Amino acid sequence: FPMASTSKIAIAATFLEGVEQGRWSLTSEFPLMIPVKSAPFSSAVAPVREGNYLPASDLIELMITRSSNTATDALLRVVGGPRAVNDWARRAGITDLRIDRDIATLVRDDGEVDPATVISQRDAATPLAMIQLLSGLHEGKWLSDSSRAVILGAMEHCITGKRRIPAMMPEGTRVAHKTGSLNNTSSDVGIIRTPDGRAMVVAIYVTGQGTRAAREARIASIARTIYDGYLAEPAGSRRTASR
C-alpha cells in the first residue's frame, strides 16, 4: 500500500538514530524545504528552496502532529535521503517498507497510478511491515527511551485524522498515531492504549471506497472492531492478524 505520510515515522526514527550517534542534536537547526512550482513528472526530483530554520525537535513535532511536508523534507535531507531511511529499516529487520522519493516529489507527482487498481512498490509498505516498525518502537528495540518518547509523544499529539482511528474509540482510550493521504488512498497507523493499560498496534491502509470520507469511516470502523476484539482477549495475550 502507498505509505503516504505514514512514512514519516521511519524518517523520524532514522534522524533520532543520528542524534544518538552524536551526528546532530534535537537543538540543531535546519531549513524547511519549500516546494518550487514545477509541472508533474517534469523532473526526477521536484525542485525545492530553503525556508526558515527550525530546531530539529520542532521539525519532528510538525511532521508528526501536523504532517508538515516541508519539515519532513528538511529532516530527510539531513539524514541522507530515502536511501538512508531504507538502510535504517533493513538494519532494523523491516524488509517490506520502501521510500523512493522526498515528499515534495511524491506530492507533486501524485495521481500517476490508482492504488485501488494498481499495486506499486514505490514509497510503499505492507501493513505488517508498519506493525513491525511501530511495535519495535513501542518495545524499545532500536532507540533509547528519550528518542522513543520524542516520536511516540508527538504521535499522541497528532491533530490530523480525527475521523480515523480515534473517531470511534471509547472514552479513556489513548491513541498515538500518524495519518497518510494521497490519491484514492487514506491510512492511519499507531498505538491504541486501553484504559486498563493494554496496548495494541494497528496499521490500516484503505484504497478506493468512493470518497475520502468513506475511507476515513472504514478506518474508524476497522479500528473499533480491532479494539473490541482484542479487549475480549485475556490480558497478556498476543496475536497478529493481517489481511
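1. Gln209 is partly exposed, with a relative accessible area of 38%. Buried here means under 20% relative accessible area, exposed over 50%, and partly exposed in between (1.4 Å probe, protein chains only). Gln209 lies in the loop between strand E7 (199–207) and helix H8 (212–231). Its phi is positive, about 70°, although Gln209 is not a glycine. Helices (H or I, at least four residues) and strands (E, at least two) are DSSP runs, numbered from the N terminus.

2. A word on the basis. This is a predicted model, in which local features need pLDDT of at least 70 and side-chain atom pairs count only at pLDDT 80 or more, while totals for chains, interfaces and linings use all residues. Residues are numbered from 1 along each chain as its sequence is written, and side-chain values use heavy atoms, with hydrogens and water left out.

3. Other positive phi values deserve a look. Asn184 has one of about 60°, although it is not a glycine. Asn184 sits in the loop between strand E5 (174–182) and strand E6 (185–193).

4. Contact means heavy atoms within 4.5 Å. An α-helix has 3.6 residues a turn, so residues three or four places apart point the same way.

5. Now the packing of H2 on H7. Two packed helices are described by the angle between their axes and the distance between the axes. The axes of H2 (residues 56–65) and H7 (residues 145–156) come within 8 Å and cross at roughly 40°. Axes are lines fitted to C-alpha atoms, for helices over the stretch in contact, and angles run from 0 to 180 degrees between N-to-C directions. H2 and H7 are therefore oblique to each other. The cut-offs are under 35 degrees for roughly parallel, over 145 for roughly antiparallel, 65 to 115 for roughly perpendicular, and oblique for the rest.

6. H2 passes H7 in a right-handed crossing. A crossing is left-handed if the near helix is turned anticlockwise from the far one by less than a right angle, and right-handed if clockwise. On the H2 side the contact uses Ile60, Glu61, Ile64 and Thr65; on the H7 side, Val150, Ala154 and Met155. Five of the residues in this contact are nonpolar, one is polar and one is charged. Ala, Val, Leu, Ile, Met, Phe, Trp, Tyr, Cys and Pro count as nonpolar, Asp, Glu, Lys and Arg as charged, and the others, Gly among them, as polar.

7. H7 also packs with H6. The angle is about 120°, with the axes 9 Å apart. H6 and H7 are therefore oblique to each other. H6 passes H7 in a left-handed crossing. Leu134, Leu137, His138 and Glu139 in H6 meet Arg148, Ile151, Leu152 and Met155 in H7. By class, this contact of H6 with H7 has five nonpolar, one polar and two charged residues.

8. Which kinds of aromatic pair occur? Rings of Phe, Tyr and Trp (its six-membered ring) pair if their centres lie within 6.5 Å; planes under 30 degrees apart count as stacked, over 60 as edge-to-face and the rest as tilted. By this rule the count comes to four aromatic pairs. Phe15 and Trp24 are stacked, at 5.3 Å centre to centre and 15° between the planes. Phe15 is buried at 0% relative accessibility, and Trp24 is buried at 13%. Trp88 and Trp142 are edge-to-face, at 5.4 Å centre to centre and 80° between the planes. Trp88 lies in helix H4 (residues 82–91) and Trp142 in the loop between helix H6 (127–139) and H7, so this pair ties together parts 54 residues apart in sequence. Trp88 is buried at 2%, whereas Trp142 is partly exposed at 24%. Phe15, Trp24 and Phe30 form one aromatic cluster.

9. Asp123 is found in the loop between helix H5 (103–108) and strand E4 (124–125). Asp123 is buried, with a relative accessible area of 5%. Not counting residues up to four places away in sequence, Asp123 touches Phe1, Pro2, Met3, Ala4, Arg98, Ile99, Asp100, Arg101 and Leu106.

10. Glu29 belongs to strand E1. Glu29 is partly exposed, with a relative accessible area of 48%.
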